[in-house]
Amino acid sequence: MRKLLLPALVIISASLLLIRLFYLQIINDSFKLKSENNAIKINYTYPERGYLYDRNGELLVANQPSYDIMVIPRDIKKIDTLQFCKLLSITKEEFIKKIKKARTYSPMLPSVFLTQLNKLEYAGFQEKLRRFEGFYIQKRSLRDYQVNYGANVFGFITQVNEKIIEKKPYYIGGDLIGKQGVEENYEEILRGQKGVKYLLKDKFNREIGSYKEGKFDTISKQGQDLTLTIDAELQKYGEELMINKRGGIVAIEPKTGEILALITAPSYDPATLVGRQRSANYTRLYKDSIAKPLYDRGLLAQYPPGSPFKILTGLVALQEGVINDSTTFYCRRGFSYARGRFMKCHCSGGAVRLHKAIYQSCNSYFSNSYIKTINKYKDKGYGVDVWAKHLKTFGLGDFMGYDLPTGRKGSIPSGKMYNKLYNKADDGWKWDGKTILSNAIGQGEVLMTPMQLANFMATIANRGYYYTPHIVKKIEGKLIDKRFTTKHVTSIDRKYFDPIVEGMNAVYGRGGTAGGLGVAGLEICGKTGTAENFAVINGKRIKLQDHSIFVAFAPKDNPKIAIAVFVENGYWGARWAGPITTLMIEKYLNKKITRLDFEKRMLNGSLKSQYDKLLPRKQQDSISKHRDSLLNEKRKIDSIAKQKTIKKESSKEIAKIN
């Protein structure tokens, strides 16, 4: 048996090797194609990326032709380097550096030498191309933005790097790929499929025809168009309202989960990241670590939600049966929860029921409700977990699953976390609801993104369910993903939403925290919010101006829009976020603005003086001097204009006398 084993292994191994060679050489010609690579030139044709439209069919993003100069280092013959450099307005040092980089990548494979020539540069180089053997022009398409807003929604396209090429074999050097926004998340749909043509070369490196009569050639396939859920006019208006402010606005259609507007401030013109200056412009935006224009605050910024969170505190307390809509708590303009500890309240005080607690934002009422919810259970950690479980059915404390490539989970604390934090004392002291009372009013360990705020508002508008927010409404020739048409129902019974909605509607009435922010003929339900704001400056934790928050939906019945507005350092809810919310709702529902008083104040208003406090002292002083200089210049101009007016009026009076 042992004598037969070795010959058998040899025969089996030889057979497998022969079968593999037969497959590689006879059946699978693609390996033969690779082996003949030296005699073959590969030409690629790049399709246009799919267009982007808004929900109403307005074209937002199209394409424009672009021309890259490619180089194959091995094929470079003697060329007039000085003429070449002069033609492309580059130095000889730059030429040498680029050739060296291309040769390092691969002497035989094409590399990008110079990107994105304009039409004049292309025409000039194309005319003399035959003089520069080893170089050729690759036509591609760049984005052509029809609007100057929505940069965070669209994203941008950029050249692939070696890491991407290694990870995704589809791409080769010089290829473009979507980054951020819709461009990244829907890259494979938008990019289409590039075409490939294999050409045979002779020993003199001249093209002599198609390889294998075009057997391996493929034609390019254009990218598919996308219709976004964005309302272009609403997006534009929201970005205008947020000029000279920082924060985010997210608006959602409650019945579908479609994102109507996704605004981050500050932002930038998307055309900034197109063309030869793209890299320099991106670096400038990236290095702005104070304003952070590339940071999508609507999706990434995690803030304490403040008073809007009281709505959820109330809903959980109702579901847990620790309160009902008639439950009364007494408010003494605040809530005393421990010796020497007093949480202030700005409501009118006295006996407070749920309805008044919502429209006057009573801290005492929701503090009592939260304590009862947590302390309902003997194990307070379990009580926190019950509370957290309800909240997570609203999509909080986790990634939401929307069709954008970036986001944050927010934070909903757990019982385990508090047990670990507080169960260390040996004196018998036990923590309870009062210990973590800040959660009741949206402070403490609770964090939410503006997207989560808007989605929970859409859930209230729907009286207990939501659809996963999404940015794409329609894909050319395809249906959107099923996860965006799946209804998510919360753990709160529908009947408990009715008193909450009535209280939110009263927020806009007399005595409500948004009294005076309404629009005639529109029934809006909302909630003001103010969140404390701290920052570490020069190693010290400093209290800065509070954040302004507002959430709302409208109309009260059959709602069409749910919205969250967050303005950093914006004082209190009704000062900045409230008016912006009113204007956005009126713009979307009525297509015109009647609250011109709000519009003028919001469009012209600025919070730069608050943001300057985050700058180093020297920079603050410089900005202050510059601002004073501008004010002095304005005073001089106004004074001259006033004198001219007086002189003109005097001339008119003299003329009348004569």
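Student: Is Cys345 buried or exposed?

Tutor: Buried means under 20% relative accessible area, exposed means over 50%, and partly exposed lies in between, with a 1.4 Å probe and protein chains only. Cys345 has a relative accessible area of 6% and is buried. Before going on, note that this is a predicted model, in which local features need pLDDT of at least 70 and side-chain atom pairs count only at pLDDT 80 or more, while totals for chains, interfaces and linings use all residues. Residues are numbered from 1 along each chain as its sequence is written, and side-chain values use heavy atoms, with hydrogens and water left out.

Student: How many disulfides are there?

Tutor: A disulfide is a pair of cysteine sulfur atoms within 2.5 Å. By this rule the count is zero. Cys331 is in no disulfide, its nearest cysteine sulfur being that of Cys347, 3.6 Å away. Cys331 is buried too, with a relative accessible area of 3%. For Cys345, the closest cysteine sulfur is in Cys347 at 3.6 Å, which is too far for a bond.

Student: Which residues line the largest cavity?

Tutor: Among them are Tyr46, Arg49, Tyr170, Asp175, Glu187 and Lys194. Strand E5 (135-145) and helix H9 (187-191) are the elements that give two or more residues to this lining. Helices (H or I, at least four residues) and strands (E, at least two) are DSSP runs, numbered from the N terminus.

Student: Which residue forms a salt bridge with Glu187?

Tutor: Side chains of opposite charge can pair when their charged atoms come close. A salt bridge is a side-chain nitrogen of Lys or Arg within 4 Å of a carboxyl oxygen of Asp or Glu. The partner of Glu187 is Arg49, with the closest N and O atoms 2.9 Å apart. Glu187 lies in helix H9 and Arg49 in the loop between strand E1 (40-45) and strand E2 (52-53), so the pair ties together parts 138 residues apart in sequence. Glu187 is buried at 6% relative accessible area, and Arg49 is buried at 5%.

Student: Which residue forms a salt bridge with Asp175?

Tutor: Lys194 does, with the closest N and O atoms 2.6 Å apart. Asp175 sits in the loop between helix H7 (162-167) and strand E7 (176-179), and Lys194 in the loop between H9 and strand E8 (195-201), so parts 19 residues apart in sequence are tied together. Asp175 counts as buried at 2% relative accessibility, as does Lys194 at 7%.

Student: How many salt bridges does a search of the whole structure find?

Tutor: It finds 18. One of them joins the side chains of Asp597 and Arg595 (3.0 Å, N to O). Asp597 is partly exposed at 44% relative accessibility, whereas Arg595 is buried at 18% relative accessible area. Elsewhere, salt bridges that share partners join Arg49, Arg143, Glu183 and Glu187 into one network.

Terms used. 1 Å grid on protein atoms, 1.4 Å probe; cavity = no way out; pocket = protein on both sides within 12 Å on 5 of 7 lines; lining within 4 Å.
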